[in-house]
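Open the model in your viewer and keep the selection panel at hand. The tour goes from one selection to the next.

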Amino acid sequence: MLNQRIEKITAPGIIPVVRLDSGEDLYNLCDSFLQGGITSVEFTMTMPDALKHLAALKKSFQGSLAIGMGTILSVEMARAALDAGAEFLVSPVPVVDMAEIAHQYDVPVIMGAFTPYEAFTAHQYGADFVKIFPMSLTSPKYLKTICEPMPYLKLVPSGSITIGMLPELFANGASAVCVGGELVRKDLIARQAWDEHRQNVISLLEAARQGRA
């Protein structure tokens, strides 16, 4: 089960990061991701009623779209997310015991870091992936630099990612990429322009494929 959930994260390589003010459009948004080729999506604990929405939408997309919970900062938050049905966990920083608990549920962990020491610490804590955050403060080549002495790390950059950055991020070794505003387009959501939203998903996945080629 753990490997299957990891595959949902790495196969398309793009993980939308969803922070909305309400759950009103979440079903249509997630359906648009799925129809465009996305197989995993991250909700954040900073979204109102995030755990409730995760539990409800997991029932709707069971087996097709893996819904994870991000902004996990403690073991208590991790347990709450797992009890709500989270299929992967994401943190902005290394969190002690987070991976140990998640792996009891066969749930993968993307643990945040920025410096090489933090990345190594996240790996030592049992992270399946290390999220390099905020990516906006560095360049795609930073991924390759970190992996040169630690080639066993599986890096997932996050933070102000644009479509133009995707090919270079994957070319420099990203296992997957977390994408927020560029993918969760609030202008399209406000207009209920789901066809346009789906086409945007397809465009980002194509940029990811170019980097992996």
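**Stop 1: Ala 66**

Select Ala 66 and show its neighbours. Setting aside residues up to four places away in sequence, Ala 66 touches Lys 8, Thr 39, Ser 40, Val 41, Glu 87 and Phe 88. Contact here means heavy atoms within 4.5 Å. Ala 66 sits in strand S3. Helices (H or I, at least four residues) and strands (E, at least two) are DSSP runs, numbered from the N terminus. Ala 66 has 2% relative accessibility, so it counts as buried. The classes are buried under 20% relative accessible area, exposed over 50%, and partly exposed in between, with a 1.4 Å probe and protein chains only. Now draw a distance to Asn 200: the two C-alpha atoms are 20 Å apart in space, and the residues are 134 apart in sequence.

**Before moving on**

This is a predicted model, in which local features need pLDDT of at least 70 and side-chain atom pairs count only at pLDDT 80 or more, while totals for chains, interfaces and linings use all residues. Residues are numbered from 1 along each chain as its sequence is written, and side-chain values use heavy atoms, with hydrogens and water left out.

**Stop 2: the whole chain**

Zoom out and colour by secondary structure. The chain has ten helices and eight strands. Its C-alpha atoms fill a box of roughly 45 × 35 × 30 Å along the principal axes. How does the radius of gyration fit a compact globule? For 213 residues such a globule would have a value near 17 Å, and the chain's 16 Å agrees. That radius is taken over C-alpha atoms, and the globule rule is 2.2 Å times the number of residues to the power 0.38.

Switch to a surface view. The accessible surface of the chain is about 9,200 Å², and carbon and sulfur atoms own 51% of it. Areas come from the Shrake-Rupley method with a 1.4 Å probe; for residues, only the protein chains shown count as cover. Buried residues make up 52% of the 213. Among contacts with a separation of 6 or more, 57% are between residues 24 or more positions apart.

**Stop 3: the largest pocket**

Which residues lie closest to the centre of the largest pocket? Select Val 17, Arg 19, Phe 133, Ser 158 and Gly 159: of the 17 lining residues, these are the closest to its centre. The pocket holds about 230 Å³ of space. By class, its lining has six nonpolar, seven polar and four charged residues. Ala, Val, Leu, Ile, Met, Phe, Trp, Tyr, Cys and Pro count as nonpolar, Asp, Glu, Lys and Arg as charged, and the others, Gly among them, as polar.

The search runs on a 1 Å grid over the protein atoms alone: a pocket is an open set of points where a 1.4 Å probe fits, with protein on both sides within 12 Å along at least five of seven lines, and lining residues have an atom within 4 Å of a point. Points are joined across faces, edges and corners, and the volume is the space filled by probe spheres set on them.

**Stop 4: backbone details**

Stay on Phe 133. A cis peptide bond joins Phe 133 to Pro 134, with omega about 0 degrees. Pro 134 is in the loop between strand S6 (129-132) and helix H7 (141-147).

Next, select Ser 160. Its phi is positive, about 60 degrees, although Ser 160 is not a glycine. Look for it in the loop between strand S7 (155-157) and helix H8 (166-171). Ser 160 is exposed, with a relative accessible area of 57%.

Then go to Thr 71. Thr 71 also has a positive phi of about 60 degrees and is not a glycine. This residue lies in the loop between strand S3 (66-70) and helix H4 (75-83). Is Thr 71 buried, partly exposed or exposed? At 21% relative accessibility, Thr 71 counts as partly exposed.

**Stop 5: Ile 146**

Select Ile 146 in helix H7. At 2% relative accessibility, Ile 146 is buried. Beyond its neighbours within four places in sequence, Ile 146 contacts Phe 114, Pro 116, Ala 119, Ile 132, Leu 153 and Leu 155. Phe 114 is 32 residues away along the chain, with 9.8 Å between the C-alpha atoms.

**Stop 6: Phe 61**

Phe 61 is in the loop between helix H3 (50-60) and S3. Phe 61 is buried, at 3% relative accessibility. Leaving aside neighbours within four places, its contacts are Tyr 27, Cys 30, Asp 31 and Leu 34.

**Stop 7: Gln 124**

End at Gln 124, in helix H6 (residues 116-124). Gln 124 is exposed, with a relative accessible area of 54%.
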